[in-house]
Each structure stands twice: as structure tokens, then as C-alpha cells.
Amino acid sequence: MAKKQLSEDFYKGIEKLKPRYPTNQALLLPALHLAQKEYGWISSELMDEVAAAIDIPPPVVREVITFYTMYNLKPVGKYHMQVCTNISCALMGAEDLLHHCEKKFAIEAGETTRDGRFTITEVECLGACGTAPCVQINDDYHENLNKERLDKVLAELP
Amino acid sequence: MSELIVSKFFYNKEAAPLEYYRKHGGYEALKKALSMKPEDIIAEVKKSNLRGRGGAGFPTGMKWGFIPKESKVPKYLVCNADESEPGTFKDRAIITYSPHMMIEGMIIGSLAIGAETSYIYIRGEYVREAEYLEKALEEAYDAGLLGKNILGSGFKHNMYVHRGAGAYICGEETGLLNSLEGKRGEPRVKPPFPAIKGAFGGPTIVNNVETLANIPAILNKGGEWFAKLGKLPNSGGTRLYCVSGHVNKPGLYEFPCASVTLRELIYDHCGGIRNNRKLKAVIPGGSSAPVLLPHEIDIPLDIDPMAKAGSMLGSAGVIVIDDTWCAVKAIKRITHFYAHESCGQCTPCREGCRWMEDVLHRIEDGHGKASDMDLLLNVADNINGKTLCALGDAAAGPVMSFVKKFRQEFEDHIKGGKCPSA
Amino acid sequence: MPKCIIDGKEYEFKPGETIIQVADRNNIDIPRFCYHPALTVVAQCRMCAVEVEKMPKMQTACSTPAADGMVVHTASEKVKSMRASVMEFTLINHPLDCPICDEAGECTLQDYSYGYGAPDSRYEEERRTFIDLDMGPVIKKNMNRCIHCTRCIRFCDEVGGFREMVALKRGNWTEITTVDGKPLETEYAGNLADICPTGSLTLKDFRFKKRSWFLTRAKSICEGCSQGCNIEVHHENNTVFRLTPRENMDINKWWLCDEGRFNIKYIHSPTRVVEPAVRQDKTLTLSDWYSAVAEAKEKVHGKTLVLVATDLTLEEMKAIQEFASSKLNGAAIYHFGTEGHTKASDDKPEDNILRRTNKTSNLHGAEKLGLKGWDGQGKFDSAIVFRGGRAQLPTDLNKYVSGSIVGVGVFHEETVDGYSVILPGLSYVEKSGTVVNWQGKEQKFRKALEPIGQSRSLVDVFALWS
């Protein structure tokens with residue numbers, strides 16, 4: 001197998017999770033979350049390393065990883081802006097917000113800015129409908145947004 | 001204001017820690033439960049007429065009663081915190097402000113069914129909320145409320161947080177179980193039902209966050225008290241209504257079941273329609289619920305009355321749409337969601353959701369044909385009730401209701417060759 | 001025994017049986033795509049849905065357990081309309097390319113489309129498309145024809161022994177494929193073409209060779225190893241086009257390994273000796289039957305070694321034994337066929353599916369007739385080797401045989417350097433007979449082709465000899 005790319009912390013994390021589940025495969029979702037935390041996305045090599053780390057067949061990783069939307073199968077920017085455009089957010093102007101972002105960074109949803117700072121993704125309901133529209137930037141929700149408020153949030157990003 | 005149960009501590013930033021919760025009566029119900037026989041706990045919950053708060057409204061006590069007493073394989077309780085139904089955002093608040101209420105409910109539930117392990121399956125996007133839960137669990141372990149010997153009773157229980165990774169279908173209980181097991185979140189063929197063969201092959205109960213958060217109150221004050229809160233004989237307690245869309249005061253509202261009508265909720269509690277616009281439509285139970293027109297909203301908010309009115313209370317996600325919005329656009333957006341989230345296992349849902357989306361897209365763009373409305377109704381009918389899980393119904397019901405109730409608007413799109421409000 | 005009622009008639013069932021199992025046992029036709037008796041039930045295609053009284057929704061027959069007193073309708077209007085709708089959904093993204101598809105004529109999807117579907121489609125949107133994939137030497141995938149029944153995934157996982165086919169992505173965009181498009185590793189890949197209910201997975205070896213409706217099907221037994229898998233020989237114009245497995249729950253269930261499936265090339269090989277041949281000045285020269293037999297009789301003399309291949313039938317072996325005792329006085333008679341397999345107990349399972357280590361069909365029959373395995377001992381003046389198409393020829397016969405060697409049966413030019421005469425015989429598809437598998441089961445098979453070239457049966461050869 002190729003050289004290990006995942007850190008000690010990853011492997012320690014897996015060991016910590018093991019007692020939680022009666023099967024190895026149950027470790028897959030948490031393991032992929034941990035792997036993505038390190039690289040921001042998950043390459044084929046990482047998939048194989050995760051498979052080896054939790055001792056499951058590599059094809060299983062492919063099937064599972066492509067089923068879920070949160071695992072990035074290509075690199076994303078430093079800030080991954082996930083703009084909800086589902087019905088409650090749409091009613092509160094999410095489409096305008098998305099277009100605003102696209103114009104602001106001169107990219108379309110699904111793309112990353114050249115400097116690697118921002119990726120915009122159009123996502124389905126984030127479960128923040130009462131405080132719509134909502135944009136998730138990396139792990140954090142930003143709610144009750146309009147263009148001005150979003151600009152302010154973006155301006156404050158380090 | 002009527003009695004609050006699950007939203008008692010909402011928006012109080014001090015309320016989440018264990019210390020605060022215990023100071024306000026937290027974990028007293030667990031103490032009581034530890035001195036009860038499991039069947040008596042189940043009997044109390046049955047008495048309460050608590051119905052599942054996730055969407056299907058199945059009586060919780062009855063569900064718990066399906067778990068076999070003896071089992072050669074471990075039994076599990078799983079808390080469904082996937083909260084993926086568009087329009088629904090109540091579980092997130094419970095987790096943020098009252099994580100221990102839910103955890104206490106889970107320990108009691110596990111005691112009742114004899115589960116030594118439980119999982120909180122939380123949607124992957126709720127990263128922070130998962131962290132809150134991890135913290136709350138740590139507190140509970142430290143205080144001897146979880147672990148090898150809970151409060152010295154000899155009851156052993158471990159509880160873990162399991163994060164999803166972005167899939168609506170994992171809110172469906174068997175899709176959730178597959179996802180918990182590290183598989184594609186595809187719903188399973190039933191039978192066997194989870195109560196017989198669920199997580200890791202063991203008898204399993206899957207309950208929604210709000211359902212479980214109600215359990216401590218039921219144990220503390222009695223099933224009868226809880227049952228009486230509801231205004232209908234078969235539906236006890238209070239309910240969290242999630243209001244989003246074009247109202248002046250969107251947010252979470254807790255009322256006893258069936259004590260408030262949909263109209264009262266929108267106009268009396270949420271301050272009516274924003275900008276003094278007119279109400280056009282309400283989706284009362286998350287985006288899977290068939291739409292209601294302004295003259296159809298004098299319905300008490302509860303499971304049975306809503307079903308009688310041809311819609312459903314579902315997860316109580318009330319989505320309010322005013323007259324500035326295009327009905328075709330709204331249903332296209334909703335249908336896009338179901339096509340995006342269909343797991344793809346079964347034929348009608350995999351093929352039909354995308355087909356409906358394409359036709360709706362065409363109509364919205366002004367390329368519709370007069371026959372499209374009947375086509376949509378027929379395709380939806382061919383999905384409805386014919387799929388492996390409820391996602392098919394969730395996609396078909398809204399389409400049928402929108403086409404029937406906004407037929408004129410569809411016709412205007414088709415005849416005019418464009419959206420009349422564009 | 002509990003009973004349920006299907007279409008007005010009462011049927012007994014064993015507790016735990018599903019509606020489709022009861023229906024299949026009683027020849028009640030319920031269409032299905034994803035259900036296969038060998039594989040996990042997934043209830044995905046929805047084609048087998050039936051109406052069950054007292055149940056509000058349609059129930060998939062594959063996943064619904066029969067219950068005592070249950071009343072099932074398999075041909076009601078509701079059932080027909082559901083089947084029609086499933087057919088419509090199934091076909092909206094299908095290319096409808098039957099005229100250029102090898103599956104046409106034996107395609108479940110095509111048959112059901114005629115049987116249960118509507119003549120036209122209401123679908124006017126863009127069809128979903130994928131790129132074709134070459135999945136190794138056996139199977140070619142055309143994903144556009146796929147209806148997502150997942151039989152192939154389940155076959156590889158549950159029968160074929162490798163977790164190598166996967167469903168990627170989800171919903172309408174679900175793609176069934178191998179990981180990163182890798183070639184299949186299973187030695188049972190051909191079965192994928194059999195169980196695929198569409199032309200999505202087809203045998204590369206058979207693609208564009210023959211329309212299935214031109215083929216005649218003969219029941220036969222695979223000669224590839226001592227498992228004795230039941231097969232059909234599909235042929236036209238005295239040419240074999242393919243072998244397919246024939247269900248036998250005691251032996252091969254529904255399956256056939258690739259080695260057995262493709263064991264047909266030699267039958268029509270241009271180097272197969274299909275006319276009597278006599279060696280003259282070191283070269284094998286075509287002859288006629290009378291001269292060749294006369295030559296053989298002359299060459300077989302003195303102390304004779306008779307080798308009987310374990311790919312011959314019981315009937316042939318008995319005839320050889322009689323021939324040897326009556327015509328070749330004092331001849332030593334042995335069987336041969338697979339290296340390292342001189343007795344039946346040398347035959348072992350090669351995997352936990354079907355394949356056996358003994359690579360001929362009738363080792364166990366030879367032993368039953370009292371034949372001993374050739375162990376390379378003794379000195380002989382001449383030898384006569386009887387062979388079907390499969391047995392591995394001993395390469396060092398001249399170490400034990402001082403004079404001529406005569407071959408009777410199926411031989412190829414490249415393997416008969418040391419032979420003086422070849423009397424061409426029949427391969428297993430050109431004859432009828434009986435073989436005994438490793439379980440001791442005697443199985444008869446029927447001839448599919450007329451003898452190729454001048455080849456003749458052993459009975460004919462022995463008649464000419466006397």
C-alpha cells in the first residue's frame with residue numbers, strides 16, 4: 001500500500017471510536033469525517049487508506065462516500081460556503097443570496113475561486129428554516145442573512 | 001401562556017449544562033424510572049398518548065411495546081436527530097438548549113426496552129450541535145448518569161453520538177439504521193421491522209428528538225396528565241411547531257396538541273403575513289405535506305385533523321407562502337429536493353421524482369403543454385403508495401396538491417409561455 | 001400447513017415463504033426484475049407488486065411473507081395498472097435500442113414491455129446517459145440499458161465471492177459499476193449476463209454474433225470439471241455459439257463458471273483433426289476411414305497400453321473395456337485426464353462455489369467402472385489413446401511405448417506429434433451419453449450437433465475395426 005497520508009490523530013480517533021460500535025463498517029462515516037477534516041476532501045488514495053484503517057473492502061467506501069453529499073470528492077476552498085436554497089430559504093431570498101455570492105466571487109455554484117479561498121455549493125435544507133436564509137461556512141451556520149449581512153460575515157473571515 | 005415542556009429552556013444560554021438542568025428538576029424522572037419495572041414505564045408512556053414527533057405520529061408507548069423482552073442479540077435505542085424535513089428546525093433547538101432532557105428521555109427509553117447502548121444519529125451538517133451533545137454526554141458520564149452503574153442502580157448504559165453525512169433519506173428510520181451501520185442510507189425492506197431486527201441486527205427503537213425529550217415530563221407528572229394536555233383523546237402532550245416563510249415572526253411555538261388552529265398559529269402567534277401581504281398557501285407539516293389554501297387553515301394543529309383535511313402534520317414544519325410567490329416555482333423547488341434526495345433503490349421514486357422535476361421545470365420556464373398537468377398528476381399517482389419507503393409519497397403528495405389547487409396558475413404558465421409574475 | 005389464496009385458489013405454504021415463492025412453486029406468473037431466488041430480497045423494482053386484501057398499499061410479492069388466510073390478487077386491474085406504471089418508469093431512461101442489442105429476444109425487460117407495458121411513452125425529457133465500460137474479458141457493460149435491479153451487485157457479493165460491483169452516487173444518478181472501472185475478478189462473471197434482466201451486461205464473447213431467436217437449445221452437461229453443471233448448448237447451423245447454465249438445485253443451482261462456459265472454442269478449432277489421418281514421412285496426412293482403421297489395426301500390436309480419457313461417457317468407457325478385452329488381448333487399460341488425479345479422491349473443490357480440481361466430467365464414472373488411473377509405469381509395444389475434447393494428454397508416452405501410438409477421439413494438430421494414426425471422434429456436444437459427477441450422480445446428456453467433419457462415434461470406429 002502507498003504511504004500513509006492520515007495523521008496519528010486520525011488513527012487515535014479511530015481507536016477511540018472502535019468500542020462504540022459492534023462492527024467495523026459502522027466506523028466508516030466517522031472515519032471519513034475525520035479524514036476530511038485533515039485534507040478538506042477525500043481522494044481515492046485516502047478512501048483506500050480509510051478502508052485499510054477500519055478493515056473493510058475498498059469498494060464499500062466508494063459506494064458509501066458517493067451516497068452522501070458532505071464528503072468532498074474534489075478539493076474545496078479554505079471557506080466552503082454552502083448556500084441553502086430549499087423552500088424556506090428560497091422564500092426568504094436564498095436564490096438572490098446565491099447569485100450575489102456567485103457574482104461577488106465570479107464563480108458558479110460548485111466552483112472554487114482561483115486563490116483557493118472560497119468554494120460555493122448550493123445545498124439542500126440545513127434545518128435552519130425559521131432563521132432563513134442560511135449559509136453554512138465550513139462548520140458554522142450563519143442565519144437570518146441578506147446580502148449586506150453576508151458581506152459583513154465574509155469580510156470578518158480571517 | 002400554556003404549559004411548556006420541551007421548549008421550557010429555549011433561548012436561555014445558561015440552560016444547556018447538566019447543573020442547570022438538574023437544578024430545574026432534571027434527571028428526577030430517571031431516578032423514578034430506575035425504581036420502576038420496564039413494563040410499567042412503557043405502560044405510563046402508553047397512557048400518555050404520546051405520538052411520534054418525527055412525522056409518522058406513531059404511538060410511542062406502543063412502539064416500545066413491540067420490542068421483545070428476551071433477545072439473544074443486543075437491543076438498541078436510536079435517537080433520530082437527522083431533522084432533514086425541509087421546514088423543520090425544532091430538534092436543533094432542543095439539542096442546543098436542553099440536550100439533557102433528550103438524553104434523560106433516551107436513558108429512560110433504553111431502560112424500558114432493555115437496551116445497553118443507544119445512539120444519537122444527528123445530521124452531519126449540525127457540527128456544533130453534535131459538539132454540544134458530546135459535551136452533554138461527557139457531563140452525564142461524569143455524573144454517573146451514564147456508564148456501568150447508573151445512579152447506583154446496576155443499570156448499565158452507553159450512549160454515543162453518530163453523525164450523518166448529508167442525506168435526507170437518513171431521516172427514514174431504516175435508512176438511518178443503515179447509515180449508522182456505515183452503509184448507504186438506503187431504506188430497508190420491511191418486514192422485518194426495526195423492533196425485531198434493527199441496528200446491527202438487534203431489536204431497535206428509533207425515536208425522534210422531541211419525542212424523547214417529552215419522556216421525562218411524562219414520568220414526572222404521569223401519563224394521564226400528559227394525555228390530558230392534548231385536546232384530542234388519542235394525542236397527548238404539547239407539540240413544537242416550526243414556522244418558516246412569509247410570516248412576521250417565524251420560529252418555534254409550543255402548544256398543547258390540537259389546542260391551536262393553523263390560522264391562529266399564523267395570524268395570532270406569528271404576527272400574520274409579512275409586509276401585509278396576502279396568504280397564498282401553507283405547507284403544514286414539512287415540505288412532504290400537501291399544500292393548503294387560505295380557506296383551508298381553520299384546522300386544529302394535530303395529526304388526525306390534518307390528515308382529515310387531506311394534508312399531514314408530519315414534523316410540524318409550517319411553511320407559509322405569501323401572494324408574491326409563484327406556486328409553480330415553489331413546487332418545482334420542493335420536487336427538485338426529492339429528486340436530489342431519492343436514494344435510487346426503487347423504480348417509481350428514482351425515475352418518477354426526476355421526471356416530475358423536469359416537467360415542472362419546463363412549465364416554469366414557459367415550455368409546458370396543456371397535457372402536462374394531467375401527466376404530473378398521473379406520474380405522482382404512480383409513485384404514491386408504490387415505493388419502498390415513504391419518500392415516494394413525500395414527493396408525490398405535494399405535486400398532486402399543488403397541481404390541483406393551483407391549476408389556474410399552471411395554466412397561465414403554459415398559455416402565457418412564461419411565469420405570469422416574472 | 002397454513003394456506004393462502006392466490007387468484008381464487010388455495011395454496012399451502014411453509015411458514016416464512018413469501019408470496020412470490022408460493023406463486024413460483026405453483027406456476028403463477030408474477031413478473032420481476034430484482035428478485036432472484038439465489039439473492040437477497042431487496043424489493044426495489046416494484047414489478048412484482050400484488051394486491052393483498054386488507055392491506056391498503058400494493059405489496060411486493062418478493063418481500064411479503066405469505067400468511068394463513070391471506071387473499072392475494074396477481075391479475076387485478078390495480079396490479080395491471082401498477083405493472084404498467086413500473087414499466088413506464090423503467091423504460092423512460094432506457095435507450096430502447098433493441099434492434100442493436102444482443103439481449104433482444106431473450107430480454108426480460110423487452111418481454112415485460114410487450115406483456116405489461118404501454119405501446120408508447122409519455123416521456124419527452126432528456127434521457128440519462130452513461131459511458132460504456134469494458135469490465136474485463138467476459139462482460140461489457142452498457143449502463144444506459146440498466147434498470148438498477150442490482151442483481152449483479154448482489155451476485156458478486158453473495159455468490160461470486162468478490163465485493164466488486166458497486167452502486168455509486170444515488171437517486172436518478174445512481175451508477176452500477178466496478179470500482180474505478182476495474183475488470184471483474186470473479187471466475188463466474190458470465191453469470192452476470194444471465195441474471196441481468198436487460199442488455200446492460202452482455203457476454204463479450206457472444207456480442208453481435210447471433211440473434212438469440214435463431215439459436216437451438218440442447219440440454220447438456222458441462223465437461224469442464226467433475227461438478228457436472230447442467231447446461232444448455234446454444235447452436236445454429238451445426239455451430240455452438242454459447243453455453244448457458246440450466247437450473248439444477250442439487251448441483252449447480254443457477255450458475256456456471258467461466259472456464260466451463262467458454263469451453264467451446266476447441267470444438268470448432270481449425271486445428272482439430274476431423275478427418276482420419278495417418279502419419280506419412282513425419283507428416284499427418286488425411287486419409288479415408290477404411291485405410292486409416294486398417295493402418296491403426298496394424299500399428300496396434302504386441303503388449304498394448306489403452307488409455308481412456310475421463311472426459312468420455314460411461315457408455316464409451318464400457319465399449320472401450322469390451323473392445324480391449326475382445327480385440328486387444330492382454331492390453332493394460334488406464335484412465336487419464338487431469339494431472340495429479342489418478343483416483344476420485346484426488347478430486348477436491350477448487351473454490352466454495354462450483355469449480356473442482358479434476359478438470360474432466362467423468363473421473364468418478366471411470367472409477368465406478370473399475371478403471372485405474374495412469375501412473376506412468378511399465379513398457380509397451382504400442383498404445384491406443386481414447387479421448388473426448390477435454391482431457392489433458394500425457395506428454396511423455398514415448399518413454400513407455402516403444403512402437404506406435406493411435407489416437408481415437410478429439411485431437412488437435414499441435415498435440416499429436418507422437419501419434420501415427422488419428423481416428424477422429426466426437427466432442428461432448430456431438431454425442432449423447434452419461435457421466436458421473438463427484439457426488440456420484442449419473443447424468444445423461446443429449447447431442448446438440450451432428451458430428452463435425454468426418455468424425456465418428458466410438459461404436460462406428462469399433463464396427464470398422466472388426
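A salt bridge pairs a side-chain nitrogen of Lys or Arg with a carboxyl oxygen of Asp or Glu within 4 Å. In this predicted model, local features need pLDDT of at least 70, side-chain atom pairs count only at pLDDT 80 or more, and totals for chains, interfaces and linings use all residues. Residues are numbered from 1 along each chain as its sequence is written, chains are lettered from A in the order in which they are written, and side-chain values use heavy atoms, without hydrogens or water.

**Between the chains**

Five salt bridges link chain B and chain A. A:E95 and B:K329 meet through their side chains in a salt bridge, at 3.0 Å from N to O. Helix 14 of chain B gives the most to the side of chain B that touches chain A: eight residues. Helices here are DSSP runs of H or I with at least four residues, strands are runs of E with at least two, and both are numbered from the N terminus.

| Item, chain B and chain A | Value |
|---|---|
| Residues in contact (heavy atoms within 4.5 Å) | 54 from chain B, 41 from chain A |
| Buried area (accessible area, 1.4 Å probe, lost on being put together, summed over both parts) | about 3,800 Å² |

Carbon and sulfur atoms give 56% of that buried area. In chain B, B:A165, B:R184 and B:R333 lose the most area to chain A, together 17% of what that side buries.

**A residue of chain B**

B:F66 is found in the loop between helix 4 (60–65) and strand 1 (76–81) of chain B.

Technical notes: Buried area is the accessible area (1.4 Å probe) that two parts lose on being put together, summed over both.
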